[in-house]
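Open your viewer and keep the selection panel handy. We will go from one selection to the next and look at what each one shows.

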Number of protein chains: 2
Amino acid sequence: MCFIFLHNNINKICAKLYVKKKLTSRSKDFSKWYNELVILADLAENSAVRGCMVIKPYGYAIWEKIQSELDKMFKATGHQNAYFPLFVPKSLFEAEEKNAEGFAKECAVVTHYRLKTDPDNESKLVVDPDAKLEEELVVRPTSEAIIWNTYKNWIQSYRDLPILINQWANVVRWEMRPRLFLRTAEFLWQEGHTAHASKAEALEETILINGLYADFLENFMAIPVVQGLKSESERFAGAEETYCIEALMQDGKALQAGTSHFLGQNFAKAFDVKFATKSGGLEYVWASSWGVSTRLMGALIMTHSDDNGLVLPPNLAPIQVVIIPIYKGLEQLEAINEVVNEIKAQLEADGISVKYDNRDNFKPGHKFNDYESKGVPLRIAIGPRDLEKNVVELARRDTLEKKFVPLDGLSDLIQATLDEIQTNLFNNALKFREKHITKVDSFDEFQSVLLEKGGFISAHWDGTPETEEAIKKQTKATIRCIPLNDIPSKGRCVYSGKPSFQRVLFAKSY
Amino acid sequence: MCFIFLHNNINKICAKLYVKKKLTSRSKDFSKWYNELVILADLAENSAVRGCMVIKPYGYAIWEKIQSELDKMFKATGHQNAYFPLFVPKSLFEAEEKNAEGFAKECAVVTHYRLKTDPDNESKLVVDPDAKLEEELVVRPTSEAIIWNTYKNWIQSYRDLPILINQWANVVRWEMRPRLFLRTAEFLWQEGHTAHASKAEALEETILINGLYADFLENFMAIPVVQGLKSESERFAGAEETYCIEALMQDGKALQAGTSHFLGQNFAKAFDVKFATKSGGLEYVWASSWGVSTRLMGALIMTHSDDNGLVLPPNLAPIQVVIIPIYKGLEQLEAINEVVNEIKAQLEADGISVKYDNRDNFKPGHKFNDYESKGVPLRIAIGPRDLEKNVVELARRDTLEKKFVPLDGLSDLIQATLDEIQTNLFNNALKFREKHITKVDSFDEFQSVLLEKGGFISAHWDGTPETEEAIKKQTKATIRCIPLNDIPSKGRCVYSGKPSFQRVLFAKSY
C-alpha cells in the first residue's frame, strides 16, 4: 500500500510527527531520557541475565566504528593484538594484592565444569557436585594477572622488550545497580598491557595512550575531554598512577571515558618477571595498562543527543545520509529511484555511507522520525516536484535545519556538510564544557555551584585523602582529575584551608 | 654488531641452517609436529588455565584476516553483527532439551559473584558463601538459548522477519583432552543466528552459509572442502539438519571446519516465539545457526605446512613479503636501505604487506629461518652485488625455490607470484584430497584402506545409527558427511550388506 503524500504537505505532517514527543525531555528527567533513548534508537536492551546487556545491531555498528578507528590508532603506534584466557585461576588473581582487593567484591566465579540431569526432575539440570573445580576460576574483571603470568615466560632479556599488546575482549564486574552501556556486569572493551625496560619508557607509554584516547574522543567522537591524573583514592587497583580523560555530560555530571595506568613494577614483582639489562644486571619489568569500553557509547549519547533522540557525529554514523522518496504511485517512485540510484552511487564512490529507504509499507513521516531518533546526520527527501526543479531537500540532524539544494554538486556539498556537523558537535560540546568549569574559592560556593549549575568545579585541595573523602561525603562530588595542562597556582584548600599548589577538578560523576 | 657475510656464501650458510631440524617431521609424528609448529611459528601457547590458550600476536593477526574477510562476506549477504550476554541462566539453558543435553557435560558454571578475604589467611581470597547466585549461570557454550529468548521480544509479525544476525564471541566448552586451536576449553568464533517466516527460507539460509563457508575456505584459505550433511548422530544438538564442510589434513584425518544448522522450529517452540503471518495466522518461527571458530587455524596449519614450519596462503599472511639485507658494514646497509625503501613503498602502494627486517643484532641466516618458520610467502634478499646488477633474490616459501629477478617490474612479478602461491597451495591440497578419497565396497577393504592409506573412505551405508556406531567402535572412523553433490547410486552397506542409496564419506577425524 502506498500513501498519498503531497509534497507541500510534507513539512506540516513531519512537523506534527516531530512534535509527537516520544522521549522524556532531558530537562525533565535526564536519567529517564537516557534510558528511553537507548531503547528508542535501537542501541541496546537489558537481557535475561541481570546486569548483562544485548547490544543490538545498530548500537553494535557504532561500536564497530569505535573499534575500527581505535584499532588503527593502536597499530599505528606499534601495538599488536593478541588474546588471553577469559578465566583467571584464583591463585593468580590474588597475586597482586591491591588489584585483587580492588576487584574481589565484583567477581563472577566459576566453581563447576558440568551440569547433570536433576535426579528429581528429568527435564531439569543441576550443577554436578562431582565436577567441582579444584581451584575456582574468576571470570576476568581485567587481565593484568593472567597476562603478567604469561609475560613471565616471554621476557628474559631487554631484547624481549618492549611488549606492546592490546586485547579486544569481554570482561565481567558484578554490578548492583546496572545501567545500559554505563554500568553493566559484562562489557566489551580493549585492554592494552605493555612491558618495558625502564620506568621512563613505561610512563611515556602511559601518557602516549592517554593522549591517543583524548585525540580519539575529541577528533573522532567529537567529545571534548580533560586529560588528568587521578588522586590516590580514585586510582586503578594496583597502579602507581592513573591517567584519565574526563568528559562532561549534558546534565553536568562527569564521565570517566578512558584510563591509562602506570603500573610501576607491581605486577612484575607479584609475578616475578625480571629481565637481564643491557649492562648485565637483573631488574623487574615496568608496566602500563589502559582501556576504554562500551561505556564510550554512554558518553556519546549523553554528550550530543537531544530530546528528539540520538545525535551522531558523522564519523560514528553507520548511516551518514538517508534518502527518503516522497511519492504517489509507482510511476513517481520509479522516476525517483532512477535519480536516487545515481546520487547514491556518487556518494558511495566518495566514501559516504548511504541508505536509500524506499520501503513501501512505511509512511515518509514514520521514516523521518525513525532516522531522526537514530541520529542519522543528514536526510535527503526527494519528491516529483524536486525532480522537476533538480533539487532535493537536505535536513541536518544536529541543527534540525532544512533547505533545498541543487542536485548539481550534491556530493561535495554533503561531504562539506558532514565535516561541518562533525566540527559543530565538537564546538557545541566544548562551549558547554567551558561554560561548566567553575573556579571556586570557598566551600559555600563549591556547594552552591554544584547544586545550581553542576559541571566541573575547579578548586584548591590540600592533597589529602581525608579531605577528599569529607567533600565526597558532604556533596557526592569526587576529584575527577588533577588536570595535566594547568599551571600550578598557590592557594588554600577549599575545604580545610590548608596550603595547596594546584587546582583540581571536582564533579559528580557517572 | 654486524656479521661479515659474503654474498656467495649465503646459500651455503642458509642451506646449513635449513638443515638444522627444528621440528619433528610430519612423517615421524604428525601430532608432535603440529604441537611444535604452533609454538615455533609463535601462533599460540597453553595458559595457566587448563584447556585455555593464549593466542599470540602473530597467530592473532592471522585470525584477524580470517575475521575480516568472513565479516565482509556476512555483511555482503545481508547479515548484521550484534552482541549477546556471555552468561545463560540455567533455566533458559535447559529450555531446548536436546541442546541442553548435548552441552550439559561441558559447561563452565558460575555459582558466586564475590570473593572475600580468607579468614584463615589475610593474603588469600575465598569464594564468599553469602554471594551465592539464586540461579546458576552457564558460560555460553553456544548462544541459541539466550538469543532465542531475546528474539521472542523482537518478533511479532512477518514484518519483523527475517532476522539475520551474527556475533563474534568467545565460548566455553570444557575439554578433557585440549589441543591448541583444535580443542580448547575457551575458543573464539562467530555464530550466526537467523529467524525466518518459512521453512524454505530458513533452509535456504542454512545452505547459503554452508556455501559461503566453502567459498571462504577454498578461495581465501586455499583449503578444499567437501560440502555435506551430517548423519543424525553427528548433528548439532537441537538441529533438524546439520550441513558441514569437511577438510582433509595431511595425516589423512578429516577436520570439520564449519557447520550450518537448520534448527526447524525447535528453539521457537522451546522459547515460544510465534509470528503473525501475512495471511493472519500465528506460526512458530523457523531458525538457522552457523559457526566457524579458531579451529580454522588448526585446519590452516595441517593443510599447508611442512617440516620447515608454517606455510601461509598469501591471503592470510600478516607479512606477505619480507625483505632481508645482506651486508657488511654500515655503508653497505645504507645503500641497501635506500633501494629497499623504494621497493617497499612501491609494494605497499600496490596493496602488498611488506616487512623490511634490517635489525642489526640478528644474522641473515637467523632471519631466514625465522620467517620460514612463520610461513611468510615471499622472501627478498638483497646484497651489495645485487645492487650493482639491479637484481634481488626472491625465495618462495611454498616451493622453497629461489631465483634472481630484476628490480625493474618487481612489484608486478611479486603480485603475480603471490597469486601463483595462493593457487598452488589450493591445487596441492586438492590433489592430496582427491588422491585420498577411496571408494571401497567391502568392510575388509574399508579397514585396510583406513589403516594403510587413511583419508576419506567413500562407502555405502544402510542409513542406521547402529551400523554407524558399530563401524566407529571397530575402526574409530565416523561418517564425516553425506556429500551434497554426489549422484545417488544403489549399493549395499559396506558393513551390514543392507541396501543403500548413496555413498557417504567415512574418516578418522579431529
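Two strands count as paired if DSSP finds at least two bridges between them. Keep that in mind for the first stop, and remember throughout that this is a predicted model.

Stop 1: Select residues 115-118 of chain B, which form strand 6, and residues 121-127, which form strand 7; the two run antiparallel and are joined by four bridges. Which residue in strand 7 of chain B is the bridge partner of Thr117(B)? Leu125(B) is. A hairpin of two residues connects strand 6 of chain B to strand 7 of chain B.

Stop 2: Six strands make an open sheet in the order 4(A)-8(A)-5(A)-5(B)-8(B)-4(B), with antiparallel pairing. From one strand to the next, the twist averages 45 degrees.

Zoom in on residues 109-112 in both chains: strand 5 of chain A and strand 5 of chain B pair antiparallel over three bridges. Here His112(A) has Val109(B) as its bridge partner. Pick Val110(A) and you will find its bridge partner, Leu137(A), in strand 8 of chain A.

**Stop 3: the contact between the chains.** Each side has its own count: 52 residues from chain A and 52 residues from chain B take part. On the chain B side, 32 are nonpolar, nine polar and eleven charged. For the complex, the predictor gives an ipTM of 0.94 and a pTM of 0.94.

Stop 4: Select residues 295-304, helix 9 of chain B. Ten of its ten residues are buried, so helix 9 is largely enclosed by the rest of the structure. Among them are Arg295(B), Met297(B) and His304(B).

Then move to helix 13 of chain B, residues 410-435. At 1.5 Å a residue, its 26 residues should span 38 Å, and the end C-alpha atoms are 36 Å apart, which agrees. Its buried residues include Leu410(B), Phe426(B) and Arg433(B).

**Last stop: confidence in chain A.** Colour chain A by pLDDT. The average is 95, and 96% of the residues score at least 70. Over residues 1-20 of chain A, however, pLDDT stays under 50. Where pLDDT is low, the predicted coordinates should not be read in detail.

Notes
Residues numbered from 1 in each chain as written. Chains lettered and ligands numbered in written order. Predicted model: local features only at pLDDT ≥ 70, side-chain atom pairs only at ≥ 80, totals over all residues. Contact = placed C-beta atoms within 7 Å. Nonpolar A, V, L, I, M, F, W, Y, C, P; charged D, E, K, R; others polar. pLDDT = per-residue confidence, 0-100. Buried ≥ 20, exposed ≤ 12 C-beta atoms within 10 Å, placed from the backbone. Expected span 1.5 Å × (residues − 1). Axes fitted to C-alpha atoms, helices over the stretch in contact; angles between N-to-C directions.
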